[in-house]
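Here's a look at how the pieces of this model pack against each other. Keep the structure open while you read.

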Amino acid sequence: MLLLGIITLVMTIPLASTYLSTILIHRIAFLVLLFSGLLTYNTLYVTPLSSGIGILGGLFQTTLLSHSLEIFILILGSIILLITPSDEKIKDLNKTTTNMFNYWDNLVSNSVKKFLPIVKNNTQLIDYPLIVLFTTLGMISLISSSDLIIMFLSIETQSFALYILATMNRNSESAVAAGLKYFLLGGLSSCFILLGSSLIYSYTGLTNFESLNILQSVIGQSFEENSYNYLAIGTLILTIGLLFKIGAAPLHSWAPDVYDGVPTIVTTWLTIMPKLSILIFFIMNNFLIDSNLLMISALLSLLLGSITGLAQYKIKRLLAYSTISHVGLILLALSYDTINGLESTLFYITQYSITSLNIFLILILLGNTLDKNSITSIYSPIQYISQLRGKFYYNPALSIAFSLSLFSMSGIPPLIGFFGKYFVINTALMNGNYFLSLVIVITSVISTVYYLQIIKTLFLPDTNNNTISISGSNNLSPILVYIVAILTLFIIFFMIYPTPILNSIHMIATTQYYC
Amino acid sequence: MSTAEQYIRTEHPVIDSDPHFTRVVRYMRGSDVAAWGGLTVGAPAILLALERVRPGAGPKGINVALGIATAFGFMGGFLYSYQKSSLRFWGWEENARELAKNRVEMDARIAAGLEPYGKPTMDEGAQGVAARNSKYAALKFSAIPWFNTTNHKYHLAENTASKGEN
């Protein structure tokens, strides 16, 4: 469906871009993701999928886990696609003409000129939904890939689309710089992945994961033998490349710059989706991953993400460091090859993705309440934490939802984030790792400081008065407002009826671990 | 791993683990066709509902968009129905009606001196490759639509075709 969607939109956008607004293309892409999710859900059968099924010549392996998380990815992706550029004041673009349009203005006849406002509107982000479909195709191919070649192709399909997404706002110097940095460093990490894959292949002659898994379990204790050391080196380099992609410390330096430089709508995608697919890939193919390296990276991510975040005054940079810290927690849970580790990883990924999505949606909605004369970028209206000052007095509901999401991120009970951290700490304790449990507790307290700093700013009186009147906040997208309401209620009331999610995660983890 | 040889636990008898495209379409139930129609109509309806909640297009724009949404609904609806029919062939869903229909069809083909699953046009190696590529491919329809359009001998229909080749 995704491939059909991409082919159709590639043909449709040039033909019908005169009539189709960016919002409509967003909605059509949303439909494609929705239908893809429906098609995956249609084949979600526990018994047959529990042992995994190889498809398309064994290049892909579908399991209950890959199928369930594919649905989750498609739902999250479709929600993010509902953030239409109008919600970021894209209409103001009409006032900013590029050199290209000045040139066209001189060239085109009056009969054509009547279409120009629409064309101008569309130029910047009209390709955004199409690129999102490309990256989603890469993501859902990656999570069920069962071969080194398909793994690499999927990662690149996902990454190339992300580089384009990052540089989509070509009028912004910071976005272009961030995109270039992302491209160069992403290219470097791809080299690591390719080198790791090549080493694995050159010393085993295998590319299929199932065969590699069997080989690794057979050689098990005889790892000292020379030729198999190269297999270990290959997996180590492959893991480094993948950790680079998810922005885990100490390979995280690109993440804050990129997340801060790109439009907020793109940051929302970058902070949640690519990580999700690579982390699921880690879960699906844990034999390919060096668990000691994961633990070291987790420790560093927790420390760097929490401590460095304290010094940030830009909201998206702060959230980037927060993301690094959360990736540390996920990697820590993932490094334990136990069913508890798997369950806590799955739960943390789920709750983190939902909370993070809610935070970015609210950030975009709060950006719409700013006076357009007070903002420096129409794509990222809120750049500094100080811009959130006094927002509670203009939009109490959104501010409270924002605060609750941040409380959840910091792990305050009884919100969903608390349970996520509790499960990870519990897993670490059950595996006798008291030191890392202590590190999680301390870093959670440290990160709470910067979350509280944002919440404090929200509730302080606005002295600059750069917010438009309450009546002006009527231009908030009702669709996004409903989504924020649902996500916030989920974050708050998860503890009242947690059984469906916990049972589903337990079932998925059990089938993945034992079958 | 050879996907032509994998055995999967199913709740119902397997009719054909890699049915030909035409067979899947022929065996669609009325409910599948209704779902296909429903999704074809549903896609533009969702678009209209979103437009009602948050208008974002002019009248001409919405007409074009509705056309595209209907096309996607048609494609998505077909893939959905194809999956439903395939699930019955694989024995993942209740398939008593299809089992009986298949038995009659196979018996008739064998009585007429025809190959039960159609005459293969490729050599054995190519048949294996085709089967490995298309077997259970409907599970990945969310990404790539891939159908079996060849006649091959890998069907794993151990208890259905009375004298058919398994």
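A salt bridge here is a side-chain nitrogen of Lys or Arg within 4 Å of a carboxyl oxygen of Asp or Glu. Across the interface of chain A and chain B, that rule finds two salt bridges. One of them joins R27(A) to E51(B), with the closest N and O atoms 3.0 Å apart.

Before going further, some ground rules. This is a predicted model, where local features need pLDDT of at least 70 and side-chain atom pairs count only at pLDDT 80 or more, while totals for chains, interfaces and linings use all residues. Residues are numbered from 1 along each chain as its sequence is written, chains are lettered from A and ligands numbered from 1 in the order in which they are written, and side-chain values use heavy atoms, leaving out hydrogens and water.

**Chain A against chain B**

With contact meaning heavy atoms within 4.5 Å, 59 residues of chain A are in contact with 49 residues of chain B. The same interface has 18 residue pairs in polar contact, both residues at pLDDT 80 or more. (A polar contact is a pair of N or O atoms within 3.5 Å; within protein, one must be able to donate a hydrogen and the other to accept it, and residues adjacent in sequence count only if both atoms are side-chain atoms.)

Which element gives the largest share of the chain A side? That's helix 2 of chain A, with 14 residues. Helices and strands are DSSP runs numbered from the N terminus (H or I, at least four residues, for helices; E, at least two, for strands). By class, the chain A side splits into 32 nonpolar, 23 polar and four charged residues. Nonpolar covers Ala, Val, Leu, Ile, Met, Phe, Trp, Tyr, Cys and Pro; charged covers Asp, Glu, Lys and Arg; the others, Gly among them, are polar.

**Inside chain A**

The domain assignment, with bounds from an automatic or database source, gives chain A a domain 1 (1-81 + 117-289) and a domain 2 (293-515). Their contact takes 47 residues from domain 1 of chain A and 42 residues from domain 2 of chain A. The C-alpha centres of the two domains lie 22 Å apart.

Two salt bridges are counted between these domains, and R317(A) forms a salt bridge with D257(A), the closest N and O atoms being 2.8 Å apart. Seven residue pairs are in polar contact between the domains, again with both at pLDDT 80 or more. On the domain 1 side, helix 14 of chain A gives the largest share, twelve residues. That side divides into 29 nonpolar, 14 polar and four charged residues.

**Buried area**

The size of an interface is often given as the accessible area lost when the parts come together. Here that's the accessible area (1.4 Å probe) that two parts lose on being put together, summed over both.

| Parts | Buried area | From carbon and sulfur |
|---|---|---|
| Chain A and chain B | about 4600 Å² | 71% |
| Domain 1 and domain 2 of chain A | about 3800 Å² | 76% |

D260(A), T264(A) and I283(A) supply 16% of the area that domain 1 of chain A buries against domain 2 of chain A, more than any other three residues.

**Chain B in the record**

UniProt (unreviewed entry) lists "transmembrane region" at residues 33-50 and 62-82 of chain B; its positions are given in the numbering used here, feature names are shortened, and annotations may be inferred rather than shown by experiment. In the model, residues 33-50 of chain B are 100% helix, with end C-alpha atoms 26 Å apart. Residues 62-82 of chain B are also 100% helix, and their end C-alpha atoms are 29 Å apart.
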